[in-house]
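Let's take a walk through the inside of a protein.

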Amino acid sequence: MNMKKIFIILFCVLGMATSCNFLDVIPSGKATEDDLFKTHVQADNFAASLYYYMPNRWYFQSSLEMCGGGDMVSSFYGSVYYFKWKSLVFNNQETPSNTYVAMWSTTCNKASGAVSYNVWGGIRNAYLLLENIDKVPDASEDERNRWRGEAYWNIAYMHQTLLEYYGPIVIVDHLIGLQEDINYERKPYLECVQFISDMYDKAAEYLPASYSSNFLGRATKTTAKALKSRLWLQAASPMVNGNAEWYADFKNNDGTPLMPLEYDKELWKKAMDAAKDAIQQGEADGFQLYAPSKETDTFEKGYENYRAAFLGGDANAFYNEYEHLFCYAAQGNISYNIKNMAPRTGYSSYSREGWRGYFVPTFEAVECFLSKNGLPMEVDPETKEAIQNPTKLVDAPGYPGEKTSILHINREPRFYASVGYDRGSYDLNGETFMLKCRRGEEQQNDGNTGNEYQGCTGYYVKKWIHKSNNFDNTSKTFTYHKFAFPYIRFAEPYLDFVEAYVQYYGKIDGEALTYINKVRNRAGLPDFEDSWARPGVGGLPTGKTLLDAVLRERLSEFAFEGRWFYDLRRYKVVQNILQNRPRSWNIAGKTAEDYYKITEAYETDSRTFTAPKNYWLAIPQEQLTINGNLVQNPGY
């Protein structure tokens with residue numbers, strides 16, 4: 001496969017955001033636009049450029065979903081305090097006149113260092129492509145169909161992105177003309193969903209099932225259908241579906257409600273059907289859960305498979321074309337993220353050089369992962385004590401004479417594949433070694449708040465760190481493992497179906513069990529029904545216990561992938577996590593007894609996450625002034 005083609009054509013795109021906003025849609029010059037479609041090569045380059053407008057969802061300094069959902073947090077030492085995701089959490093920093101992530105308008109008043117994305121410009125160019133496809137003189141029918149599919153897919157994806165960040169949006173359903181009145185109003189949420197869903201359907205008609213190695217990474221039929229599944233799952237969820245508690249007064253100027261105020265169970269059926277369609281399409285086209293391990297031990301096989309799904313094997317570069325449906329692969333950004341997740345090595349005291357380790361897992365994430373028996377820790381008779389008394393010390397597996405928390409033993413393979421903890425193993429600099437996180441040790445937090453590049457919870461992210469990542473302390477140079485970060489992967493429609501099925505039928509059986517077990521088995525876990533049949537557990541759960549178990553599976557599977565941000569919002573529970581100060585081990589402790597005490601992580605501010613306000617970004621005030629038909633989101 002041609003990794004260079006993947007990395008350069010599709011994803012090194014973040015500098016493309018310009019000064020456009022919703023009003024800046026006028027063609028830049030007819031002659032220039034005609035030149036774009038003179039040959040099939042130029043037209044294909046233009047089609048590829050549509051991906052350039054898509055917001056970066058894996059840039060730690062600005063991606064709200066990466067650290068704003070409860071599974072990851074950046075420290076509050078030095079300048080890292082100012083990272084943009086915290087604008088939704090602290091001191092009401094996100095306001096209509098001071099946005100931190102500008103998507104609705106790139107010309108609005110923004111906070112210092114705010115990122116801007118020309119989303120509307122991307123939508124306009126997709127319509128421009130649709131208008132000109134048949135004018136390309138040397139294009140084949142396959143090329144024309146692929147461009148149509150990519151244009152419709154782009155229109156759907158960009159509208160969906162805005163919907164996820166802002167709630168009900170303006171719908172652009174055509175190429176806006178020079179003299180057209182564009183003071184549009186926001187459309188009701190479900191009308192937005194239907195429009196986006198229809199666009200994904202059109203995209204799937206034209207998109208290919210797969211690509212040759214030169215074009216890996218571009219949207220496929222399965223990509224469109226999987227994102228449609230995500231779309232309907234959001235629409236069916238409590239945050240949207242019948243949420244009169246929050247949105248009874250959220251209306252357009254003419255009184256039209258912008259959110260569905262009455263619960264509609266059939267939305268879960270639509271989500272279930274969309275997920276099933278994505279699954280059938282994907283399986284028919286060769287997509288699968290990546291599972292290359294030849295290990296015979298079930299636990300070790302699950303560990304190896306789960307890590308391999310993201311990092312691959314020993315090759316310098318890895319792109320998971322089997323499972324990942326749409327990815328981000330700008331290596332400059334990915335290497336930056338690796339640098340800031342991996343724990344410091346090779347220094348006896350603090351240094352700004354080398355690995356920094358200040359994007360770290362939260363306690364909530366650590367507690368979320370299941371037991372080795374595939375059960376919530378608090379349900380499994382073998383692990384209840386770990387939740388009830390996490391400060392209890394036990395022998396650290398694989399390291400004789402060392403002690404660690406009982407919370408770190410008898411966990412599922414995904415936990416060990418994803419989380420680095422004191423006296424646990426970690427892969428870096430070409431070796432597997434034991435993390436030493438106590439005060440005075442190599443992976444410590446030294447307590448000096450002026451030393452900004454330090455973790456704050458006592459944990460490190462392991463999921464995205466390949467053993468071959470290396471920092472040479474002598475030459476001060478880095479070697480990074482290349483990979484693509486998945487925005488959506490094939491595990492998601494499986495779990496979409498399971499959640500929608502449980503919500504619609506109130507039980508789990510048949511295909512729902514088949515699909516959840518596919519995900520669990522790849523990760524080295526027993527079948528769902530076998531786990532819940534263990535002695536002392538009581539059999540298959542029902543009601544809220546069943547729904548919680550299904551959601552727990554989802555949170556474990558997608559930890560540190562940005563999905564917590566949306567999944568916790570879908571169930572209206574983010575404020576239960578982000579309103580509190582993060583918990584931490586006592587990072588000042590020098591002994592196991594002192595270190596393993598739970599305290600509050602260091603922060604320089606008080607959290608003020610408010611529902612429903614902080615569930616959406618603000619509509620920029622300058623857009624409300626320009627367009628009197630727009631209304632603001634609740635709480636701003």
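A cavity here is a set of points on a 1 Å grid over the protein atoms alone where a 1.4 Å probe fits but cannot get out. Grid points are joined across faces, edges and corners, and a volume is the space filled by probe spheres set on the points. By this rule there are 13 cavities of 30 Å³ or more. This is a predicted model, where local features need pLDDT of at least 70, side-chain atom pairs count only at pLDDT 80 or more, and totals for chains, interfaces and linings use all residues. Residues are numbered from 1 along each chain as its sequence is written, and side-chain values use heavy atoms, leaving out hydrogens and water.

The largest cavity has a volume of about 120 Å³.

Now for the greasy part. A nonpolar core is a set of buried Ala, Val, Leu, Ile, Met, Phe, Trp, Tyr and Cys residues joined through side-chain atoms within 4.5 Å, with buried meaning under 20% relative accessible area (1.4 Å probe, protein chains only). The largest one has 202 residues, and Trp58, Trp153 and Ile508 have the most contacts inside it. Apart from it lies another core of five residues, including Leu216 and Cys327.

What about disulfides, pairs of cysteine sulfur atoms within 2.5 Å? The whole structure has zero. Take Cys456: its sulfur is too far for a bond because the closest cysteine sulfur, in Cys67, is 9.7 Å away. Cys456 is also buried, at 3% relative accessibility.

How values were computed. On a 1 Å grid over the protein atoms alone, a cavity is a set of points where a 1.4 Å probe fits but cannot get out, and a pocket is an open set with protein on both sides within 12 Å along at least five of seven lines; lining residues have an atom within 4 Å of a point. Buried means under 20% relative accessible area, exposed over 50%, partly exposed in between (1.4 Å probe, protein chains only). A disulfide is a pair of cysteine sulfur atoms within 2.5 Å.
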